[in-house]
Amino acid sequence: MDFQLTDEQRLISESAREFCDKEIAPRVRENDRAGRFDRELASMLGEMGYLGAPVAEEYGGRSLDYLGYGLIVEQVGRVDSSARTVVSVQTSLVCGSIERWGTEEQKRRWLPRLCSGEALGCFALTEPDFGSDAASLRTRAERTDSGWTITGGKMWISMGNVADVALVFAQTDPEKKHRGLACFLVPTDTDGYSSQEIHGKLGLRSSDTAEISLDEVEVAGDALLGGIGDGFKIAMSALDNGRYSVAAGCVGICDGCVHASVAYAKERKQFGVPIASFQLVQELIAEMIVKRDAARMLVWRAGALKDRGVRNTVETSIAKYYATEAAVDCANMAIQVHGGSGYVDDYPVERYLRDARVTTLYEGTSQIHKLIIGRDATGINAMVPSTAGE
Ligand SMILES: Cc1cc2nc3c(=O)[nH]c(=O)nc-3n(C[C@H](O)[C@H](O)[C@H](O)COP(=O)(O)OP(=O)(O)OC[C@H]3O[C@@H](n4cnc5c(N)ncnc54)[C@H](O)[C@@H]3O)c2cc1C
């Protein structure tokens, strides 16, 4: 066991840190205030090779291992969770699914454009009536002579208004339940695809979030990703990677909280001394550091397992659950250290709290992750009550 990063990994992390501080940090506050999705920044992330970093080089990626990818995501998350959302969705949910499940033609058509940031993608799983219970989706895909017609609605889809391609999960045979689900690559300029921006979010204000309507959207047979009935497996395998990315971003939030708090505590004076001199302030900082380091170790463990090709659903759930809750706690404590100044956006900590809050909800709520961990430990599935569907 080696807790040291290699020289190459350190370089990846340091150059990501530099890029984020120089290019992302100056935009964050204005984008957040304006609730503006920064398309130019998304292109810059692509130019840096941060969209699709683990994708094979032959498809436009960097063939980076998961640990290296996590280090980049941590740095982006430290500075801007909305930009981190672009990296996570595009890389882990969209590119990762196409690379793993796509035909050669689908990979060649979409991956180079997605990895470069020329095109954007979204992952449309959640529906208005089905969130945690993703196996019960109602969006319907019906066969036609030339392909499929898809009808239904999706909710809370990150980048749904700005994406060029949507991974749409739909039911092909309701009697088969989750075994009837399929995933389709739907170009968003297809007739019948429309989206609406969701306004009024607590955080992630410069991340685009959409409600999507699919009204008899016709796609060719080659839009099917994987086989009919593979939809649930595709969604779960994508989420295994997406959750890792969210967790890594949350380590970044924790780290940002530590650094902002230490700097502020050394500068701000009360009772004639820097507030860092007070034991109760140091306690807040110490708690943040412990949570950050524990979250980071759990993320690295999940990344190392992914790199070894070992099954890691539970370890990823543990990392996601812990790191997201840690980010919320750290942001809350960082505001406390900043006093009244922590309540306005002159400092990043109030945005950290607003942005961290969603991470315990999406890509599996904290409750769902506890149930995954508990199921693994006990062998009993407590997620679906025995009376469900009766
Ligand atoms: C900003 C944002 C961006 C998002 N981006 C995307 C995206 O890009 N793509 C996408 O497909 N989705 C996306 N989502 C949706 C997100 O994944 C869902 O919100 C999440 O899965 C929870 O589903 P829900 O909101 O329907 O809550 P529900 O499933 O209705 O849960 C409500 C509450 O019930 C609890 N609960 C539910 N089932 C159980 C159970 N079995 N046991 C115990 N407690 C339970 C939950 O933990 C939660 O506390 C996004 C959401 C947000 C807010």
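Q: How many aromatic pairs does a search of the whole structure find?
A: The search finds seven aromatic pairs. The structure is a predicted model.

Q: Why is the aromatic pair of Phe19 and Tyr50 called edge-to-face?
A: The ring centres of Phe19 and Tyr50 are 5.6 Å apart, and rings pair if their centres lie within 6.5 Å. The angle between the two planes is 85°, and planes over 60 degrees apart count as edge-to-face.

Q: What does the pair of Phe19 and Tyr50 tie together?
A: Phe19 belongs to helix α1, whereas Tyr50 sits in the loop between α2 (39-47) and α3 (66-79), so the pair links parts that are 31 residues apart in sequence.

Q: What makes the contact of Asp7 and Arg10 a salt bridge?
A: Their side chains meet at 2.7 Å, N to O. The cut-off is 4 Å between a side-chain nitrogen of Lys or Arg and a carboxyl oxygen of Asp or Glu, so this contact qualifies. The structure holds 23 salt bridges.

Q: Why are Asp7 and Arg10 separated by about one helical turn?
A: Because Asp7 and Arg10 are three residues apart in helix α1.

Q: Which residues are closest to the ligand, and how many surround it?
A: The closest are Phe123, Thr126, Ser132, Trp156 and Thr365, and 17 residues surround the ligand. The shell divides into 10 nonpolar, six polar and one charged. β3 (147-158) and α10 (366-378) each supply at least two of its residues.

Q: Which residues make the nonpolar surface patch of about 410 Å²?
A: Met1, Phe3 and Met297 make this patch. Phe3 is placed in the segment before α1 (7-34).

Conventions
Residues numbered from 1 in each chain as written. Predicted model: local features only at pLDDT ≥ 70, side-chain atom pairs only at ≥ 80, totals over all residues. Heavy atoms only, no water. Near = heavy atom within 4 Å. Helix = DSSP H or I, 4+ residues; strand = E, 2+ residues; numbered from the N terminus. Nonpolar A, V, L, I, M, F, W, Y, C, P; charged D, E, K, R; others polar. Patch = residues over 30% accessible without salt bridge, like charges linked within 9 Å, V, L, I, M, F, W, Y side chains within 5 Å. Areas by Shrake-Rupley, 256 points an atom, 1.4 Å probe, with all protein chains shown as cover. Phe/Tyr/Trp six-rings, centres within 6.5 Å; stacked < 30°, edge-to-face > 60°.
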